[in-house]
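Please keep the sequence and the 3D view at hand while reading.

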Amino acid sequence: MERLTLSFDQRQKSRLRARLESGEEVALLLPRGNIMRGGDVVSSADGQRIEIVSAPEKLLHIESSSLARAAYHLGNRHVPVQVGEGFLRIAEDHVLEDMLRKLGARVTHVEAPFEPEGGAYHSHHGTDHE
C-alpha cells in the first residue's frame, strides 16, 4: 500500500497536490470540512489504496497540575489542541508558549505527529481508517 505523509495543515485541505513516498504525484479531492488522520486509508479513482501518515511537526508539549485551565485558555483562542494522557500539544507559537508559562505550565519543544481533537461536531470523512 502506498503512503502519503502530510502535516496537520495539509490534512485539513480538501484540494491538495502531494507526492507519495514512491515519488508519484497525486491530487486529493475530498469533501470540505473533514480532517484526515494518521492511519486513515483513502482510495484513488483507479482503486489504489493510500495510507495517510501524520508528518512530524514542531510542537509545544504542555504539562501542568492545572491542565484544564491551560486547555480552557487555548480553547478560548480557538487553537487546535491534541489532548493526551496528562498533556496537551499545540503547534509552536511563542505568544502562546509565554501565556502557558505564565499560567504555571511546563512547556517543552518536541517534534512529533500532530493529531488535535476534531471537536464535538466533527464528522469523519469516511475513509477506511484501518
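Which side chain meets that of Arg19 in a salt bridge? The partner of Arg19 is Glu25, at 3.3 Å from N to O. A salt bridge here is a side-chain nitrogen of Lys or Arg within 4 Å of a carboxyl oxygen of Asp or Glu. This is a predicted model, in which local features need pLDDT of at least 70 and side-chain atom pairs count only at pLDDT 80 or more, while totals for chains, interfaces and linings use all residues. Residues are numbered from 1 along each chain as its sequence is written, and side-chain values use heavy atoms, with hydrogens and water left out.

Glu25 also forms a salt bridge with Arg17, at 3.7 Å from N to O. Arg19 counts as exposed because its relative accessibility is 52%, and Arg17, at 61%, is exposed as well. Glu25, at 43%, is partly exposed. For these classes, buried means under 20% relative accessible area, exposed over 50%, and partly exposed in between (1.4 Å probe, protein chains only).

The structure holds nine salt bridges. One of them joins the side chains of Arg37 and Glu115, at 3.3 Å from N to O. Arg37 sits in the loop between β3 (25-29) and β4 (41-43), and Glu115 in the segment after β9 (106-113), so this pair ties together parts that are 78 residues apart in sequence. Strands (E, at least two residues) and helices (H or I, at least four) are DSSP runs, numbered from the N terminus. Arg37 is buried, at 13% relative accessibility, whereas Glu115 is partly exposed, at 23%. Elsewhere, Arg3, Glu21 and Glu51 are linked in a network of salt bridges.

Now turn to the helices. Two packed helices are described by the angle between their axes and the distance between the axes. Helix α2 (residues 67-76) packs against helix α3 (residues 94-102) at an angle of about 150 degrees, and their axes lie 10 Å apart. Axes are lines fitted to C-alpha atoms, for helices over the stretch in contact, and angles run from 0 to 180 degrees between N-to-C directions. From α2, the residues Ala70, His73 and Leu74 meet Leu96, Met99 and Leu100 of α3, where contact means heavy atoms within 4.5 Å. By class, this contact of α2 with α3 has five nonpolar residues, one polar and none charged. Ala, Val, Leu, Ile, Met, Phe, Trp, Tyr, Cys and Pro count as nonpolar, Asp, Glu, Lys and Arg as charged, and the others, Gly among them, as polar.
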